[in-house]
Each structure stands twice: as C-alpha cells, then as structure tokens.
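Please consult the sequence and the coordinates alongside the text.

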Amino acid sequence: RKELKDFPDDFLWGASTSAYQVEGAWDEDGKGLSVMDVGNHPEDVTDFKVASDHYHNYKKDVALMAEMGFKTYRFSIAWTRIIPEGTGEINQKGIEFYSNLIDELLKYDIEPLVTMYHFDLPLALQKKGGWENRETVDAFVNYAEVLFDEFGDRVQYWLTINEQNMMILHGDALGLLEGDPDNVKKGLYQSNHHMLVAQSMVFDLCHKKLESAKIGPAPNISTVYPASSKPEDVLAANNYSSIRNWLYLDAAVFGRYNATAWSFMEEKGIIPEIKDGDMEILKAGKPDFIAFNYYTSASVEGDFKDEKKESNYEGDQQVVDNEKGLYRRHQNEHLEKTEFGWEIDPIGFRTTLREIYSRYNLPLIVTENGLGAYDKLEENDKINDNYRIDYLKKHIKQAQLAITDGVELFGYCPWSAIDLVSTHQGINKRYGFIYVNRDEFDLKDMRRIKKKSFHWYKDVIESNGKHL
Ligand code: BG6
C-alpha cells in the first residue's frame, strides 16, 4: 500500500519484563517461594535467583527506559512478594517495592501496564494442587483485590494471566504438573477452567472497584498455517487454531467455550468439572482490550496417519504440542529462523492482528514480540544487535500495515526492556534493549549497557514510528 496510516498520537510504545525473570532477590524482604524458584532447571543455564537484579536496580533501569522515551512499561507483580503463601498474610515490603516502582515510572510519565500473574504461582498453592484446586480461584481473586486496593489509584492498565494457553499446552514442560501424562492433561484442562473463571471474576472486580481502569487477558496468539492446501492440512490448522488460540479468547471475550476445542476435550475425555454458576461468571466478566504476545506463526499438518512418515519439525522439541489425529507441527520452509530455531514471520504478525481484531472487535496491545540471541559485548561497550533491530523493524512495519487495514492497535511492548533470564534457556538468550553484564554463572559487575537497539528504539519512539 502506498498510503500508510500513522501510529496514533497516544500510541503506547514500551517494552516488557516479568518479575521472576528480571527481579532476582528471590527470597528477600519476606518474599515467598514460587514454582519458578524451585522448578527443574537445565544444568547448563542459570536459575532465577539473581536474574538481572532489577529489584535492587529498578531506579537505574527505569531511568534508562525513560531515556528511550517509553510511554509504558509492562512488568509483572510477583504474587509471592505480596502474599508470600498465596493466601493469608500480606507482605508490606512487597507492596512497598511495587509502589515505589510505580511511582518511579509515573515520575517519568511512563504508564504502568501490570501483569498480575506471569507463570510464578506461589509454591504454597501448588503444593495444595495449584490451579487444579478450585481454592486457587479464590486465592487469585483475593490477590487481585489487594493489587486493586494498593495500586488502583495509579495503575490504569491491568493484565490478568500471562500466556495461559502456553501454560496449558506446555504445562508439563514448565514443570507445573507431574505424573501420568493422561491425568496431567485432564488436570491441565481443569486448571484451565479455573483460570478462566478466576480471570472473569477479576475482570468484573476491576470494573466494580476501579472506575476508569482497563483490564484484559494476555495469551500468546499466532496465526496457524496449513502445511499445504491439502484439505486435511487445512482442517488441522483450524483444529490447532481453535485449541491454541480461540479457546482462550472466546472464553475471555464471549464467555463461552469454543465448540471445536470443546469437542477435542470431549474426545480426549478431559472435559473439566464446571460448577453451577461458572458459565454465568464467564459471561459476566468482560475485558476492555486484548493483549497478546507474538513471536512467530505456527504451521501444522493433518495427514500423518502413517506414523512412519517423519515430521520435518525442527523447532523447540521441548515444548512441541502435537495432538494425534488432530494436528502435528510442521516446519515452514518459507521462513528464516533465529539462532534458537524460532521462525521469523513478520507478515504472520499482520495476519494475527487482523484475525484477532476481526473476531473480537476490541482494542489490541502487543505485550511481547522479540528475538532471543547470543549478543556479543564488543570493545568500548558496544553491542551491535542489528539482527534484533531488523526483526523489530519488520514487525513494527507490519503493525503499521495492520493499523492501515483498520486494526485498532494502541500499544507495542516488545520482549524485553532489559536482558533477563529466558524461561528455560538462561541469561545468554538475550532479548533486551539494555545489556546486563553477567554470564550464566559469573555475575561479573551486572552493569547496564545500552545496545545499538536501544538508540534505534529511542528514535522509533521519538518519531512515533516514522523512523524505522
Ligand atoms: C513468552 C513468555 O512465552 O516468551 C516469557 O511470556 C518468555 O516469559 C518469552 O521469556 C520468550 O521465551 P524464552 O523461552 O525464549 O524465554
């Protein structure tokens, strides 16, 4: 298209992090343990105990975000800092930390965008069955109420649960549940139902307590391609999209289960127990916007009855989520890959934005998008992360095209504001605009260094997306 629409004047440019990946101070000032603090960690990469030590450096870090011109900063609150055991006693030191962080952001006119829960369930709750246990619903609603009471005067934008769909699809990989795989799946879909109910209750609570605040879900959404135009492959793409994407957003927005996803659960014998009143709760809680994370698209094939026919999939085997008879992941030969084997698909980003918007008609914000790489610290403190700039540039262009297509997009927060520890691949899989000088096991001086992408993104924000 020749005529591109501009990004809106009040577009929320920013970036994201999550508490357990960036803060460190895992057991300080009364913080309780979360599942991420004790989870199985590959031996060759660091755990989350020190991470980027943002807990002790938040002022410095926020100043750097302000220097880049951030309009918003998406971070998560660690439930275990606020309520160390998940329920019961409130930890004032935890409240103080986030209160200070929020004030620091507001000092620079940076809008806080708060995720309530980003994978780090309190261990005390996990020990009682985690999300499979209905009581976790009440625990989450109670925790949300504390957040609204403490920070609702200053936080306008709230996100409930980060990537609920990834937790359900890869729950076993995240170490959230252990045991017999058939039971694991049943437990996961029960957990999913509980999370959906809890989320809707929190949407509702937010609107009742805070007049002008806005709240939304934050799943990971990707357009799904069929491996070919074979009808079996197209059907598989439809299956995967329903189970991976629409199950979550249909429940959040329309308050109902997606029919294809429901029939999948029926077929597998994993229909969750739905209590009287649950469907009314799902209907009553409404999001104001949809936040979503996008890294890449997905491709699947449907015709793999011949088990001997090898899959060509080379991606992240640890989190691959094939469903026998329904879909199997496929490597898209038209896409380039990152050093970590993730396919790069900016056009898929535009398609994803359109798909979500045309299905739900709600304003959208991107809460994660980015490229993990082994950055190299060169002489004179230079990090020439041109590959990151290239990735982000292409995605921002597609976002602008989507806006031109009519999509109502009000913000863009790539992953991540600053280097942090990846979910299972350590600190050296870096995503940030700001480099943190440490290695997997050598903490060095932890100093902050601006990468080339820092300067580039500053210019993007300053020009409201005109200079890419
Ligand atoms: C998202 C998560 O799935 O992807 C983040 O919300 C995560 O927590 C990000 O870090 C990148 O994935 P990874 O595995 O490279 O850290």
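Predicted model: local features only at pLDDT ≥ 70, side-chain atom pairs only at ≥ 80, totals over all residues.

The UniProt annotation "active site", taken from an unreviewed entry, covers Glu368. Glu368 lies in strand β12, which spans residues 364-368. Because 23 C-beta neighbours fall inside 10 Å, Glu368 counts as buried; the cut-off for this class is 20 or more. Beyond residues up to four places away in sequence, Glu368 touches Ser16, Asn293, Cys413 and Trp415.

Asp321 is located in the loop between β8 (298-301) and β9 (328-330). With 17 other C-beta atoms within 10 Å, Asp321 is partly exposed. Its contacts, leaving aside neighbours within four places in sequence, are Leu169 and His170. Asp321 and Met166 are 155 residues apart in sequence, yet their C-alpha atoms are 9.8 Å apart in space.

| Residue | C-beta atoms within 10 Å | Class |
|---|---|---|
| Glu368 | 23 C-beta neighbours | buried |
| Asp321 | 17 other C-beta atoms | partly exposed |

**Helix packing**

Two packed helices are described by the angle between their axes and the distance between the axes. For helix α13 (residues 346-360) and helix α14 (residues 386-405), the axes come within 8 Å and cross at roughly 30°. The crossing of α13 past α14 is right-handed.

On the α13 side, the contact is made by Pro346, Ile347, Phe349, Arg350, Leu353 and Arg354. These meet residues of α14, including Lys394, His395, Gln398, Leu401 and Asp405. The residues in the contact of α13 with α14 comprise 7 nonpolar, 2 polar and 5 charged.

Key:
Residues numbered from 1 in each chain as written. UniProt positions renumbered as here; feature names shortened; annotations may be inferred. Helix = DSSP H or I, 4+ residues; strand = E, 2+ residues; numbered from the N terminus. Buried ≥ 20, exposed ≤ 12 C-beta atoms within 10 Å, placed from the backbone. Contact = placed C-beta atoms within 7 Å. Axes fitted to C-alpha atoms, helices over the stretch in contact; angles between N-to-C directions. Left-handed = near helix turned anticlockwise from the far one by under 90°. Nonpolar A, V, L, I, M, F, W, Y, C, P; charged D, E, K, R; others polar.
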